[in-house]
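I opened my notebook to jot down what I looked up in this one. Here is the structure, then my entries.

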Amino acid sequence: MSVSPAFQALWDEQGFKEQSPIQLAVEQPLKNDRSILGLAPTGSGKTLAFSLPLLEKVMPGEGLQILILAPSQELVIQTRDVILPYAKAIDCKVQAITGKANVKRQIERLKEKPEIIVATTGRLLELNEQRKIKFYGLQAIVMDEADELLTDNGLTETRHIVQESPADVQLGFFSATSTEILTELEKWFGVEVETIDVRDVDRTGGEVLHAFIPTGNAQKVNVSRHLAHQKHFRGLVIFNQSAQLLQAARTLGHQKVTYASLSG
């Protein structure tokens with residue numbers, strides 16, 4: 001398979017040499033309107049894997065046709081930014097819809113009739129109930145980071161969106177992690193979903209060695225200091241409480257260990 005001629009120049013400009021395993025595996029199923037679950041490691045190109053085949057089916061000027069749902073505002077913006085140049089290449093518009101953004105500005109931009117919307121579920125449903133967004137022309141709905149999106153209220157809201165869409169809408173679920181909900185998609189969404197899992201063959205991110213070092217809180221600082229002195233080492237240390245984190249940070253600072261701390 002190869003990238004569509006409409007996107008080839010942009011693909012080359014961004015430095016891509018070949019399609020990743022997930023991009024190759026889902027291309028034809030998505031082009032053929034099949035509903036799928038795509039499982040691939042983080043950083044393997046899932047956004048372009050689902051967006052490029054679906055963009056090839058979009059009709060410019062015909063209103064909303066592709067809806068991409070994500071569990072957070074940050075992921076919505078990130079996804080929109082990846083898709084935007086490819087959408088522009090075929091004269092299509094992409095709009096991000098999130099709960100933290102100015103709703104009046106979002107409504108104003110919707111008057112431009114974007115063909116692709118990337119959204120969090122809450123604000124999307126709010127605008128749908130106000131009749132500012134209508135789902136009747138949807139060809140496909142993609143659930144990005146589906147393992148996170150389809151939990152608790154997110155599952156309820158996502159199902160509501162699908163129920164408000166055409167009965168034959170194509171569904172795409174994408175995740176780096178397989179969870180119980182992803183084995184029950186037919187039950188929750190009423191359609192047959194084909195699973196495409198390339199996690200065992202995808203080496204896009206290179207080989208990763210995982211190690212587990214059991215240690216108590218009292219030894220956490222000493223272990224961190226020792227590891228920090230290893231060549232090319234980078235680490236993430238998790239604490240249950242901010243007080244523990246701050247105490248460890250002060251100690252590491254006294255020991256001349258370079259660190260950054262993040263807490264509420």
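This is a predicted model: local features need pLDDT of at least 70, side-chain atom pairs count only at pLDDT 80 or more; totals for chains, interfaces and linings use all residues.

Entry 1: I reminded myself of the reason: an α-helix has 3.6 residues a turn, so residues three or four places apart point the same way.

**Entry 2: ground rules.** Residues are numbered from 1 along each chain as its sequence is written, and side-chain values use heavy atoms, with hydrogens and water left out.

**Entry 3: the whole protein.** I counted eleven helices and seven strands. Both are DSSP runs numbered from the N terminus: helices are H or I with at least four residues, strands are E with at least two. Of the 264 residues, 43% count as buried. The C-alpha trace spans about 60 × 40 × 40 Å along its principal axes. I also looked at contacts (heavy atoms within 4.5 Å). Of those with a separation of 6 or more, 68% are between residues 24 or more positions apart.

**Entry 4: the cavity.** Next I went looking for holes. Rolling a probe the size of a water molecule over the atoms shows where empty space is left. On a 1 Å grid over the protein atoms alone, a cavity is a set of points where a 1.4 Å probe fits but cannot get out; a pocket is an open set with protein on both sides within 12 Å along at least five of seven lines; and lining residues have an atom within 4 Å of a point. Points are joined across faces, edges and corners, and a volume is the space filled by probe spheres set on them.

How many cavities of 30 Å³ or more does the structure hold? I found one. The largest cavity holds about 80 Å³ of space. Its lining includes F7, Q19, L48 and P53. The elements that give two or more residues to that lining are α2 (21-31) and α3 (46-55), and the largest share, four residues, comes from α3.

**Entry 5: the pockets.** The largest pocket has a volume of about 1,200 Å³. It is lined by 31 residues, and S224, F233, G235, L236 and V237 lie nearest its centre. Helix α10 gives the most to this lining, with six residues. By class I get 22 nonpolar, seven polar and two charged residues (Ala, Val, Leu, Ile, Met, Phe, Trp, Tyr, Cys and Pro count as nonpolar, Asp, Glu, Lys and Arg as charged, the others, Gly among them, as polar).

The second largest pocket has about 420 Å³ of space. Nearest its centre lie L110, K113, K132, I133 and K134.

**Entry 6: helix α11.** This helix (residues 242-254) has 13 residues and reaches 18 Å from its first C-alpha to its last, close to the 18 Å expected at 1.5 Å a residue. The expected span is 1.5 Å times one less than the number of residues. Buried in α11 are L245, A248, A249 and L252. They pack against α10 (217-228). Turned away from the buried side of α11 are the exposed residues A243, Q247, R250 and H254.

**Entry 7: two single residues.** Is N128 buried or exposed? It counts as buried, at 11% relative accessibility. N128 sits in helix α6 (residues 121-129). Leaving aside neighbours within four places in sequence, N128 touches I133, K134, F135 and E164. T156, in helix α8 (residues 153-163), is exposed, with a relative accessible area of 52%.

Terms used: Buried means under 20% relative accessible area, exposed over 50%, partly exposed in between (1.4 Å probe, protein chains only).
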